Amino acid sequence: MTTSHHFTTIIIGGGPIGLACALEAEKKGIDYVILEKGCLVNSLYNYPVNMTFFSTSERLEIGGVPFVSNNPKPTRPEALEYYRRVAAANRVKLNLFEKVTSISRETNLKEPERIRYTVTTTKKVYTATHIIIATGFYDIPYLLNVPGEQLPKVTHYYKDPHFYAFEKVIVVGANNSGVDAALETWRKGAEVTMVIRESQIGERVKYWVRPDIENRIKEGSIKAYFNSCINEIREKEVDITTPAGKLTLANDWLLAMTGYQPDLDFLRRIGINLASDEIRKPQYDEATHETNVPNVYLAGVICGGMNTHRLFIENSREHAEKIAATIAARMSRNTA
């Protein structure tokens, strides 16, 4: 493993908010690099191929760069192209497919300007004075924790409906990802059954999609079991529990659209305090976004802990401005 040179700031995460942090750092003359474990805007890349955003294009803009889309609500391909162009036009410094494995602190806590962190990745070892963590929440799926969940027929990530044409598909979950998967695979000829823990379609489902899924269920095109759960998954069958009792369903593929969670254990290992309740919100200063660990900042959805529906691109862009201003002020004091 090779050792790279020192950066004033290392940004962990190359999604929209990580890019926004880089653009603000550039404006402030802050030396930085982005470390991203996957491709550029990796989470957006893993969204379903035909996904349409809930937000309008101007609310997804970063760095003051206009986002022009064909319709008011942009699609996944349009977002990928927009963020790629932003990164290219601004010559954003980023290292892709390089996962951060550990962060350790080298010096005392009394002089923040002299603190140095060692950041180890799958490829190199870096040092930095400031760390910005903008890792989002799309990496760790909520598991069903049932026998057979590790079978190849089970996936927690849905991409393209064509793959499931003419197959028997079970979709677990009834929020946006589950509803989109059910409707799209059904329209490609799949025999779709939804297994839904709650008594209704999720409240956050996009308003223009809700009537579609409700009508498909009502007419019987898509079968739905409410107040139900998966018990066991086998090669060609799935056992479920319903209010009427246990059922065994013939099945080829199971799409577990159960949601995702941030890697809060990564924050804990660094020393960032997490609230003791179920939300596990990280400790940070709302004015600067600095955590209880000096010179370590949080940006984007990760700030909400397990409450991943509180922060989005549009209301996280300002995090980048606050963090860059704080780092620039400390750099100024250090050189005064």
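Thr9, Cys21, Ala25, Ile30, Ile132, Ala320, Ile323, Ala324 and Ile327 form the lining of the largest cavity. Keep in mind that this is a predicted model. How can anyone find an empty space inside a protein? Rolling a probe the size of a water molecule over the atoms shows where empty space is left. In this structure, a search of the whole model turns up one cavity of 30 Å³ or more, and its volume is about 40 Å³.

Helix 7 gives the most, with four residues. Sorted by class, the lining of this cavity holds eight nonpolar residues, one polar residue and no charged residues.

Let us visit isoleucine 132, which sits in strand 6 (residues 124-133). Is isoleucine 132 buried or exposed? Its relative accessible area is 4%, so isoleucine 132 is buried. Beyond its neighbours within four places in sequence, isoleucine 132 is in contact with Thr9, Ile10, Ile11, Ile12, Cys21, Tyr297, Ala299, Ile323 and Ile327. Isoleucine 132 and alanine 320 are 188 residues apart in sequence, and their C-alpha atoms are 9.3 Å apart in space.

Isoleucine 323 belongs to helix 7. Because its relative accessibility is 0%, isoleucine 323 counts as buried. With neighbours up to four places away in sequence set aside, the contacts of isoleucine 323 are Ile132, Thr288, His289, Tyr297, Leu298 and Ala299. For a sense of distance, the C-alpha atoms of isoleucine 323 and glutamine 150 are separated by 41 Å, and these two residues are 173 apart along the chain.

### A pocket to set beside the cavity

The second largest pocket has a volume of about 190 Å³. Its lining is made of Asn50, Met51, Thr52, Asp180, Leu183, Glu184, Lys206, Trp208, Val209 and Asp212. Helix 4 (residues 176-187) gives the most to this lining, with three residues. By class, the pocket lining has four nonpolar, two polar and four charged residues.

### Serine 228 and the cysteines

Where is serine 228? Serine 228 is found in the loop between strand 11 (223-225) and strand 12 (229-233). A polar atom of the side chain of serine 228 lies 2.8 Å from the backbone oxygen of phenylalanine 226. Not counting residues up to four places away in sequence, serine 228 touches Val195, Ile196, Arg197, Thr241, Thr242 and Pro243.

What about disulfides? The count comes to zero disulfides. Cysteine 39 is in no disulfide, and the nearest cysteine sulfur, that of cysteine 21, is 18 Å away.

| Residue | Relative accessible area | Class |
|---|---|---|
| Isoleucine 323 | 0% | buried |
| Serine 228 | 3% | buried |
| Isoleucine 132 | 4% | buried |
| Cysteine 39 | 17% | buried |
| Cysteine 229 | 24% | partly exposed |

Why do cysteine 39 and cysteine 229 fall into separate classes? Buried means under 20% relative accessible area, so cysteine 39, at 17%, is buried, whereas cysteine 229, at 24%, counts as partly exposed.

Note on methods
Residues numbered from 1 in each chain as written. Predicted model: local features only at pLDDT ≥ 70, side-chain atom pairs only at ≥ 80, totals over all residues. Heavy atoms only, no water. 1 Å grid on protein atoms, 1.4 Å probe; cavity = no way out; pocket = protein on both sides within 12 Å on 5 of 7 lines; lining within 4 Å. Points joined across faces, edges and corners; volume = space filled by probe spheres on them. Helix = DSSP H or I, 4+ residues; strand = E, 2+ residues; numbered from the N terminus. Nonpolar A, V, L, I, M, F, W, Y, C, P; charged D, E, K, R; others polar. Disulfide = S-S within 2.5 Å. Buried < 20%, exposed > 50% of the residue type's maximum accessible area, 1.4 Å probe, protein only. Polar contact = N/O pair within 3.5 Å; in protein donor to acceptor, adjacent residues only side chain to side chain. Contact = heavy atoms within 4.5 Å.
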